[in-house]
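Please read the following paragraphs with the sequence and the coordinates open. They go through chain A and then chain B, element by element.

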Amino acid sequence: MATLNDDYLQYPERSYGMDHDRYEWSMLQDRKAVQWPDGKKVALWVNVGLQFFPLNQKGIPFKVPGGMTKPYPDLRHYSLRDYGNRVGIYRFLKAFDTYNITPTFAMNTRLAERIPYLVNTIKERGDEIMCHGWDMDKLHYGGQDVSEEKELIKKSLETLRKLTGQDITGWISPAKNESENTPDLLSENGINYFCDWVNDDMPYDFKTKNGALTAMPLPTELDDYFIINNNLHSSEDWADQIEDAFEFLLKESNTGGGRILALNIHPWVLGQPHRIQYLERVLEKLGGHPDVWSTSATSIVNVWKSQK
Amino acid sequence: MKEDPGYYDYWPYENRPKIEWPNGAKVAFWVAPNIEFYELNPPDNPFRKPWPQPCPALPGYTSRDWGNRVGHVRQMELLEKYGIRGSISLSTALCDHHPEIIKMSKERDWEFFSHGIYNTRYTYGMTEAQERKMIKDSIETIYKHTGQKCAGYLAPALSHSENTLDLFAEVGTELFGNEAGIYSCDLFHDDQPTPIHLRSGKKFASIPYSLEMNDTIAYLVQKITPRRYGKELKDNFDRLYAEGAQSGTIMCIPTHNYQVSNAHRIKAYEEALEYITGHSDVWVTTGKEIAQYFLDNYYDDSLADIETKNKKYGNA
């Protein structure tokens, strides 16, 4: 049986705070309460992932969740993902308008490049777009060559800025996966906030070599893909869980200050005919609720920053 | 390698000596929050990869960190509301990283037991001397930060060696005599406490710490819905409560702040806690109190009954 070197019992980071220097250790309950505009209690951040999963997926260093799983050409997964960008998204947009929801769109740059109709539709609506990386197969990962990643981030942001005419200050890495350099490269390229670290319920300061980023809480736990495709719960169960989460956060806001309900949703998941009614059910309840502030990711960041 | 760990004998779940919990309770009920620290860049272990992605493996690391930043206080307040003292399965390095959590749990008279140093350091591949050193470090750390003499053990990330239970009991004795190292949560073979064979002959018990009721098993492995989890907790309780009239049973809910405290899950958990603690003949207690009570009152009778039952048809 292989044995371990005695170094395995050495713990160089065993001291107060985190085992890295990216952010301060802090418990939510110890922080200053945030007040949302107009006395609202829960900020609703509906974040729509607009994704391109290439058919010729390389899977370096791993296959992205939701990506191709069959031998090439995996038409079933390719086309079912594409369904979201052709059909599902238009069901989403109709629902947002019906229930007065302000969405934010996290878009793969390659998708914006491939479908001018879609990116211009979003652009004309005036909704915020953030960058979701190049495509779902261009992962950011530990050990990645830094110049390669630097070029990937630069290209993803420059192209998306050009195509949308927006500043593009928000970022989600594909699979919320990063290298050790990703936050530094994001801040170097004009990003203000990112959503990869699902370790809080409120924004917090994240240190980089080029000043702080705002880490925004976009829980994977409430993600439609995670609940429906990973946990294999029904879409009705998804809606139940969102409503239970909302009720809890609303209650907590009475003592803890403003809270955020962040829904990461994908038109290829909830945009299906048998599922859309459950998204509508949730949006109807939240969109019409007097304590809910439906707004964009950047608005939440700005209000939070102004009260730090 | 052995065919059988040799820690316990066969003991049929019928006609056992009756266990009577304090005040005639039918069920001893305890909640074991795992308060863990997972490392961003743990060292390699040849037998188990800590994370599925290359480090920094954000999906796993950040969700565990959420448990400490947000989830702990939520669960703590909930347990307090229902008069439950947590029995913490502790990554003992957390005493150094997050002493605030230790302090607030100690103020509520919670029990702390050892769950190793970090949940990203596995026992696999350790020599006996290394494992002994790791266990000793964890017990000493608990004593230093809480003043408690660590009674229980759950191996880090449930990674074991053939010597784990022996070493824990021996280090407990070396440091604090019979006050420390008296029970294990590592075995899932029973709904009642079981005497454990150790090479030292020390009186030691296995206390049921249900993997089936463990929120991480329910949510990450079985992937059930929160409402389903709440129902399973109640169903588990109902059966153990009914059988507890015959002889006292144990119900444990092992939890993780990064699972059960999520906004979409905590309501179902609360409903189950309200239901369980709403019964008057339930002993709401801690792992150590159950273990000590069993060792003091039923250990010898249990050993005798096990021997009688196994002689009935002849030993195997």
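A residue is called buried under 20% relative accessible area, exposed over 50% and partly exposed in between, with a 1.4 Å probe and protein chains only. The model is predicted, so local features need pLDDT of at least 70 and side-chain atom pairs count only at pLDDT 80 or more, while totals for chains, interfaces and linings use all residues. Residues are numbered from 1 along each chain as its sequence is written, chains are lettered from A and ligands numbered from 1 in the order in which they are written, and side-chain values use heavy atoms, with hydrogens and water left out.

Asp38(A) counts as exposed because its relative accessibility is 75%. Asp38(A) sits in the segment before strand 1 of chain A; helices (H or I, at least four residues) and strands (E, at least two) are DSSP runs, numbered from the N terminus. The phi angle of Asp38(A) is near 55 degrees, a positive value in a residue other than glycine. Ala175(A) is not a glycine either, and has a positive phi of about 65 degrees. The loop between strand 4 and helix 5 (182-188) of chain A holds Ala175(A), which counts as partly exposed because its relative accessibility is 22%.

Strand 1 (residues 42-50) of chain A runs parallel to strand 8 of chain A, and 7 bridges join them; two strands pair if DSSP finds at least two bridges between them. Within this pairing, Val48(A) has Ile265(A) of strand 8 as its bridge partner. How many residues of strand 8 (residues 259-265) of chain A are buried? The count is 7 of 7, so the strand is largely enclosed by the rest of the structure. In a regular strand the side chains alternate between the two faces of the sheet. On one side of strand 8 of chain A are Arg259(A), Leu261(A), Leu263(A) and Ile265(A), on the other Ile260(A), Ala262(A) and Asn264(A), and all are buried.

Helix 8 (residues 267-270) of chain A contains Leu270(A). This leucine, Leu270(A), counts as buried because its relative accessibility is 0%. Contact means heavy atoms within 4.5 Å. Leaving aside neighbours within four places in sequence, the contacts of Leu270(A) include Phe92(A), Trp238(A), Ile265(A) and Leu279(A). Asp145(A) is 125 residues from Leu270(A) in sequence, and their C-alpha atoms are 36 Å apart.

Thr169(A) belongs to the loop between helix 4 (146-164) and strand 4 (170-171) of chain A. Its relative accessibility is 16%, so Thr169(A) counts as buried. Not counting residues up to four places away in sequence, Thr169(A) touches Gly190(A), Ile191(A), Asn192(A), Tyr193(A) and Thr298(A).

Between strand 1 and helix 1 (75-98) of chain A is a loop that includes Pro73(A). The peptide bond joining Tyr72(A) and Pro73(A) is cis, with omega about -5 degrees. In chain B, Pro56(B) is placed in the loop between strand 1 and helix 1, and the bond from Cys55(B) to Pro56(B) is cis with omega near 0 degrees.

The strands of chain B come next. Strand 1 (residues 27-35) of chain B is joined to strand 8 of chain B by 8 bridges, and the two run parallel. Phe29(B) stands opposite Met251(B) of strand 8. Strand 8 (residues 249-256) of chain B is mostly covered, with 8 of its 8 residues buried. Thr249(B), Met251(B), Ile253(B) and Thr255(B) point one way from the strand, and Ile250(B), Cys252(B), Pro254(B) and His256(B) point the other way.

Two packed helices are described by the angle between their axes and the distance between the axes. The axes of helix 1 (residues 58-81) and helix 3 (residues 99-107) of chain B come within 11 Å and cross at roughly 5 degrees. Axes are lines fitted to C-alpha atoms, for helices over the stretch in contact, and angles run from 0 to 180 degrees between N-to-C directions. Angles under 35 degrees count as roughly parallel, over 145 as roughly antiparallel, 65 to 115 as roughly perpendicular and the rest as oblique. Helix 1 and helix 3 of chain B are therefore roughly parallel to each other. Asn68(B), His72(B), Val73(B) and Met76(B) of helix 1 make the contact with Ile101(B), Met104(B) and Ser105(B) of helix 3.
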